[in-house]
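Have a look at the model below before reading on. The notes that follow start with aromatic pairs and then move on to a sheet and the cores.

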Amino acid sequence: MNNWIKTPVSREQIAPLCSKYNIDQLLASIFVRRGITTGQDILYYLESDLRFQHNPFLFNSMEDAVERINQAEEEGEKVLIFGDRDVDGVTSTTILYEYLKHRKVDVQCRLPLESDGYGLSKKAVEDFAAQDGTLIITVDCGISNYEEIAYAASLGIDVIITDHHNAPENLPQAVVILDPKEPDSGYPFADISGAAVAYKLVSALRLSHSDFYNSEICIIDVESSSGPSSASGRRSLRELPQFASQTGNEYSPIQINCVKIRNLVKVKELHETITPGKTSIYDLKLPYFLQGQVIYAWDAAKTKQELSQLFGSGIEFNIYDLRSQVAQVISSVKNLTTEQINQSSKIAKYQEGETNTLDTLYNLYVTYCYKTLSLNNKNYLANERRDLQLVALAAIADIMPLKDENRLFIKNGLDSIKTNGPRPGLAELFCQLKINTESLNAVDISWTVTPALNAAGRLGQADVALELLLCEDPKKRNELAVKIYELNEQRKDLVNKAAWKIKDTTQTNIEENDGKLCVIIDEDIHPGITGNLAGRIMQEKNVPAIIITQQDGVYKGSMRSCRGFITTSFLASFGDFFINFGGHNAAAGFSFNADRLELFNKKVKELLPSINLEEENLDINIDAEIPPQFLTPESFEILNKMEPFGAENKELLLVTKNIKLCDAMVQGKKEPFSLKLVFDTGKNKFPGMFFGQAQRLKQDIQVGKNYDILYTMVYNYFNGNVTPQFRLKEVRCHD
């Protein structure tokens with residue numbers, strides 16, 4: 001029997017989170033147990049505003065990418081977007097293609113089909129060169145295509161790589177690389193999808209067509225103390241001896257803080273402390289920092305006066321009033337002081353340490369700029385939310401960790417689907433899959449939508465999925481949605497048959513590999529389902545799994561990993577063995593020539609001793625225990641904070657002990673039947689579904705007795721009614 005482990009948390013750990021972030025003790029205890037304790041982490045659970053996402057220009061090379069693409073637009077160049085065949089690749093391609101098409105760029109797109117390998121191919125480069133193409137933009141691929149990109153360069157074709165896979169040691173010689181996993185990318189969060197990188201590029205391109213692009217401004221904040229050294233009683237630096245020694249603390253220090261901003265990103269900061277009578281004006285960096293800058297201060301008149309009294313009339317500062325400008329768009333700040341702005345700032349609330357006025361003013365300025373963009377372009381927000389539907393799908397499909405801005409992408413993507421309706425293409429697919437958008441969540445998408453879209457690429461017809469998302473003809477979209485549904489059913493059948501065929505081989509192979517790895521080589525397996533099979537074996541056996549098949553004289557494989565074992569590091573141990581390989585920490589693909597099969601098997605055996613898997617832990621770590629008397633419909637509000645669930649943010653596991661079972665019924669149309677149990681807390685009754693456990697009724701589960709239950713919380717949507725209920729994991733007699 002598994003132990004239900006609840007990690008102890010103290011009042012000292014919980015209380016600060018409750019007071020600072022205005023959350024209850026239940027949510028605070030869950031945060032602490034999950035290690036979500038910093039403001040930067042908590043932010044992405046409590047907030048959904050896109051203002052909290054990272055600026056695309058934090059990519060060090062983003063401005064170069066924007067300039068090159070805008071040049072292609074201005075000069076009428078032919079542009080090719082080359083993507084990948086999976087959901088991430090298809091959505092990435094769609095996002096960038098739609099934007100460039102809207103800008104009337106001469107753009108086309110291409111995905112690998114049939115027997116094509118992963119990533120950009122020389123054939124694709126040659127075909128594009130024959131059309132006099134001059135710019136290729138890869139999406140969700142390219143970071144490992146060293147030879148192909150060099151070949152493109154030899155034909156006079158520039159390549160911009162947008163990717164998110166682990167970067168090799170030797171990077172391709174592209175004109176620009178945007179990959180958050182590239183060591184010098186500058187981007188603060190590495191684990192975004194390929195579609196998110198494409199979305200960031202499009203966001204930067206949209207900004208490039210506004211007045212804010214490449215404009216540099218400087219924000220200044222003067223922190224002066226009260227008393228003798230305040231502005232009214234202060235003598236200027238020019239009136240005092242350069243290094244005079246004052247007694248009695250007559251002249252206290254003045255702190256001046258400045259930040260330079262370009263493309264809404266901080267590019268340089270200056271913090272100087274000036275003590276009248278002690279600080280020489282010739283030692284200050286401030287005059288040089290501000291030279292030639294457009295300068296803003298929250299209260300321009302007051303700041304000018306302070307600087308004039310500090311430096312004298314010999315230096316003139318041309319300062320604009322930030323408050324009056326921002327108030328044109330955000331009227332609520334019109335009469336606020338910087339102290340009041342600090343107190344009301346959401347962003348400041350999540351910063352560690354004391355609130356920094358300069359940071360608050362910077363964040364407010366960026367908010368003002370984005371609001372101005374949306375006001376000046378009525379389609380700005382609508383286009384962004386339309387793109388985020390696809391970014392959400394990609395994050396879920398590629399199993400991106402559900403933390404940081406990935407949570408914003410999925411929250412806003414799902415909200416867009418629910419409030420604005422699925423975008424064209426998705427709407428028709430949702431209809432075929434009989435998806436209720438009202439109750440749609442990330443887990444539903446991972447089980448229904450992304451496998452269906454992936455099926456097209458796995459079976460060599462990724463262009464069907466891409467056409468579905470790009471097609472403007474509703475009738476044609478319906479036909480394509482039916483086609484994808486049929487391909488998905490075909491994929492399921494192929495996976496089930498292949499899994500049955502290798503069933504006996506699997507366990508034997510794991511034992512031969514010392515329980516560390518499963519490697520199955522079967523030429524009858526369809527190359528499009530190797531990832532599905534590897535994932536299934538990995539989940540069932542809890543060991544890394546490799547499935548390999550053969551096509552046209554080339555062996556192609558997929559690897560899925562667990563227990564802390566990194567796929568790309570393992571494959572990199574083979575040296576230059578592969579034709580190509582790449583992927584993430586937990587999932588990768590590769591190919592090698594048929595004459596190397598025996599060598600591959602030998603190499604795997606040699607590497608076995610170096611494989612170290614994390615120990616299996618059969619204990620179940622729960623997020624919280626809720627006594628029956630504290631279990632109310634309001635308890636389910638923690639779902640709204642903790643969703644979306646997925647990689648690195650598993651569904652909540654809760655325990656309630658000594659709760660009375662007041663009703664039970666068997667449900668289902670075929671075996672194994674399920675149980676619907678109803679529990680009574682005294683004030684409330686809650687239904688709970690116990691799937692496949694009908695046989696336990698009247699054996700160890702009996703109405704009228706009290707039980708300890710392990711469960712997750714869900715909402716049940718039926719006939720317009722929303723009911724909180726449990727999804728039971730285990731039911732034990734209360735002892």
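There are 31 aromatic pairs in this structure, counting rings of Phe, Tyr and Trp (its six-membered ring) whose centres lie within 6.5 Å. It's a predicted model, where local features need pLDDT of at least 70 and side-chain atom pairs count only at pLDDT 80 or more, while totals for chains, interfaces and linings use all residues. Numbering starts from 1 along each chain as its sequence is written, and side-chain values use heavy atoms, with hydrogens and water left out.

Take Phe577 and Phe600: with ring centres 6.2 Å apart and planes at 40 degrees, the pair is tilted (under 30 degrees would be stacked, over 60 edge-to-face). Phe577 sits in the loop between helix 24 (567-572) and strand 15, and Phe600 in helix 25 (residues 597-607), so the pair ties together parts 23 residues apart in sequence. Helices (H or I, at least four residues) and strands (E, at least two) are DSSP runs, numbered from the N terminus. Both Phe577 and Phe600 are buried, meaning under 20% relative accessible area with a 1.4 Å probe, protein chains only. They also belong to one aromatic cluster, whose members include Tyr555, Phe565 and Phe592.

Elsewhere, the charged end of Lys260 sits over the ring of Phe289, 4.5 Å from the centre. The test here is NZ of Lys or CZ of Arg within 6 Å of the ring centre and within 35 degrees of the ring normal.

Five strands make an open sheet in the order 12-13-14-16-15, with mixed pairing. Strand 12 (518-521) and strand 15 (580-583) are at the edges with a single partner strand each, so one side of each has no neighbour in the sheet. Pairing takes at least two DSSP bridges between two strands.

Strands 13 and 14 form a hairpin with two residues between them, and Asp552 in the turn has a positive phi of about 55 degrees. Six of the seven residues in strand 14 (residues 554-560) are buried, so the rest of the structure largely encloses it.

Finally, the cores. The largest nonpolar core has 151 residues, and Leu677 is among those touching the most other members. Apart from it lies another core of 22 residues, including Phe565 and Phe600. A core here is a set of buried Ala, Val, Leu, Ile, Met, Phe, Trp, Tyr and Cys residues joined through side-chain atoms within 4.5 Å.

How values were computed. Buried means under 20% relative accessible area, exposed over 50%, partly exposed in between (1.4 Å probe, protein chains only).
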